[in-house]
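Take a walk through this structure, one part at a time. Keep the sequence beside you as you read.

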Amino acid sequence: MSPQVEAAPPPPLKLQQINSPTVYQPKYSDLLSRVNNFSIIESTLREGEQFANAFFDTETKIAIAKALDDFGVEYIELTSPAASEQSRADCVAIANLGLKAKILTHIRCHMDDARIAVETGVDGLDVVIGTSSFLREFSHGKDMAYITKQAIEVIEFIKSKGLEVRFSSEDSFRSDLVDLLNIYRAVDKIGVTRVGIADTVGCANPRQVYELVRTLRGVVSCDIECHFHNDTGCAIANAYAALEAGATHIDTSVLGIGERNGITPLGGLAARMYVADKDYVRGKYKLEKLRDIENLVADAVQIQVPFNNYITGYCAFTHKAGIHAKAILNNPSTYEILKPEDFGMTRYVSIGHRLTGWNAVKNRVQQLDLNLTDEETKAVTQKIKELADIRPLSIDEVDLLLRRYHAAKASGSPQPPDIDEVAKTAA
Ligand SMILES: [Zn+2]
């Protein structure tokens with residue numbers, strides 16, 4: 001055996017080498033990145049209609065469209081008017097609401113669908129066709145030459161009507177890269193407004209997304225829209241990676257509802273982008289409206305907002321461990337990357353449990369305007385821990401304990417009040 005040579009440890013990195021004040025901000029300026037210059041195509045009224053529970057009547061669709069418009073999304077995408085007569089009528093109704101958001105409808109790459117859609121009054125059409133070997137073999141059975149020819153015919157027709165037109169492949173990540181780039185290049189040449197990449201089956205990861213979008217960015221000059229399904233939990237990360245690689249538009253739905261377990265959620269994307277560029281995101285979206293929009297959609301499809309939902313989940317701003325609570329009370333940024341007040345939410349420090357700390361209890365004492373010394377607060381905290389070892393206490397029970405202790409002290413009964421006696425009367 002050759003003698004082991006002990007390698008010297010690498011020198012610690014200097015700040016200039018890291019070139020960023022914190023690790024969560026970009027390490028270098030990225031010319032491709034659209035992280036602070038992107039648009040949302042909100043598809044609750046198209047993709048979301050494919051959610052298992054979804055049935056939106058006209059009135060609900062209009063309420064959702066108005067709420068999304070008020071929030072500030074740039075585009076609202078609607079179910080194809082070719083799907084049913086009611087879908088067509090709803091498309092006309094929403095296109096005529098006079099919203100600030102541009103209204104799009106989604107159609108198959110087919111002249112019959114395009115002819116119906118251009119008459120609805122929408123601002124643009126999102127055209128889609130399957131390009132993966134699976135879809136070509138098991139769905140429509142067409143080859144790439146046929147697909148390209150048909151795409152060009154449909155796009156030319158929509159453009160002749162003065163509307164925006166996006167051309168997207170379906171199941172892009174399981175399509176042949178050369179086929180994909182060829183068709184995108186062909187439609188870019190004839191002036192398509194956007195090309196779309198769709199991870200229809202939710203198989204892509206952020207690195208694959210970055211590479212595909214970056215490659216496409218070098219091939220087309222038009223905008224690039226991305227659509228990510230969340231089957232493996234990558235939908236938000238993939239959207240972010242796409243923007244970093246130069247994508248310009250991201251598809252979302254409220255609470256992520258859609259086919260199977262859905263797509264990039266509007267709220268989750270808002271959280272992600274807020275952390276990347278707070279001023280930009282706050283400047284263009286009314287973030288405090290998120291909760292109302294989510295409640296509106298949750299009611300419409302009869303689901304609850306998940307407990308761990310981004311921003312609006314019931315525990316999204318709840319701090320529990322004593323050490324966290326102390327730091328949060330001193331400076332919320334210690335454990336919060338999102339400011340609850342920017343989203344119309346409030347922070348909650350949970351104190352009625354065995355992990356509680358006296359700083360958090362002291363904060364509650366101050367909120368209740370009780371006169372307890374630090375030593376007294378520590379004694380009550382100890383009692384809360386003891387009681388909460390048996391079962392957690394509600395905030396009302398904690399408050400009662402604090403008030404009784406304070407009352408016993410104020411009445412001049414045994415000094416200091418016997419906390420065990422107080423706990424008995426509070427129980
Ligand atoms: Zn989809």
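Predicted model: local features only at pLDDT ≥ 70, side-chain atom pairs only at ≥ 80, totals over all residues.

Two strands count as paired if DSSP finds at least two bridges between them. Ile107 has Val127 of strand 4 as its bridge partner. That bridge belongs to a wider pairing. Strand 3 (residues 102–108) and strand 4 (residues 124–130) run parallel, and five bridges join them. Between these two strands comes helix 4 (residues 111–118). Together, strand 3, helix 4 and strand 4 form a β-α-β unit, and its hand is right.

Strand 4 has another partner. Strand 5 (residues 164–170) pairs with strand 4 over seven bridges, again in the parallel sense. Here Asp126 has Arg166 of strand 5 as its bridge partner. How much of strand 4 is buried? Six of its seven residues are, so strand 4 is mostly covered; a residue counts as buried if 20 or more other C-beta atoms lie within 10 Å of its own.

Move on to strand 6 (residues 194–199). Strand 5 and strand 6 pair in the parallel sense, with three bridges. In one of these pairings, Phe167 has Val195 of strand 6 as its bridge partner. The chain gets from strand 5 to strand 6 by way of helix 7 (residues 177–189). This β-α-β crossover is right-handed.

Which residues are buried on each side of strand 6? On one side they are Arg194, Gly196 and Ala198. On the other they are Val195, Ile197 and Asp199. Both faces are therefore covered, and six of the six residues of strand 6 are buried.

Strand 6 also pairs with strand 7 (residues 223–228). The two run parallel and share six bridges.

Now turn to a helix. Helix 3 (residues 85–95) has these buried residues: Ser87, Arg88, Asp90, Cys91, Ile94 and Ala95. Why do they fall on the same side of helix 3? They cover an arc of only 165 degrees around the axis, and that places them on the same side. An α-helix has 3.6 residues a turn, so residues three or four places apart point the same way.

Arg34 sits in the loop between helix 1 (15–18) and strand 1 (39–42). Is Arg34 buried or exposed? Arg34 is buried, because 21 other C-beta atoms lie within 10 Å. Leaving out residues up to four places away in sequence, Arg34 touches Leu243, Gly246, Ala247 and Thr248.

Two other loop residues have a positive phi without being glycine. One is Leu255, with phi near 60 degrees. Leu255 is in the loop between strand 8 (249–252) and helix 10. It is buried, with 27 other C-beta atoms within 10 Å. The other is Asp369, with a phi of about 60 degrees. Asp369 lies in the loop between helix 14 (358–367) and helix 15 (374–388). Asp369 is exposed, because it has 7 other C-beta atoms within 10 Å.

Further along is helix 17 (residues 419–426), which holds Ala423. Ala423 counts as partly exposed, with 19 C-beta neighbours inside 10 Å. Its contacts, leaving aside neighbours within four places in sequence, are Lys383, Leu387 and Leu401. From Ala423 to Cys109 it is 71 Å, C-alpha to C-alpha, and 314 residues in sequence.

Finally, step back to the domains. The protein is divided into domain 1 (15–300) and domain 2 (318–426). Taken over C-alpha atoms, their centres are 47 Å apart. Eight residues from domain 1 and five from domain 2 make the contact. On the side of domain 1 that touches domain 2, helix 10 (266–276) and helix 12 (290–300) each give two or more residues. Helix 10 gives the most, with three residues. By class, this side of domain 1 has five nonpolar, no polar and three charged residues.

Terms used. Residues numbered from 1 in each chain as written. Domains from an automatic or database assignment. Contact = placed C-beta atoms within 7 Å. Helix = DSSP H or I, 4+ residues; strand = E, 2+ residues; numbered from the N terminus. Nonpolar A, V, L, I, M, F, W, Y, C, P; charged D, E, K, R; others polar. Buried ≥ 20, exposed ≤ 12 C-beta atoms within 10 Å, placed from the backbone. Right-handed = clockwise from strand over helix to strand, strands pointing away. Arc of directions from axis to C-beta.
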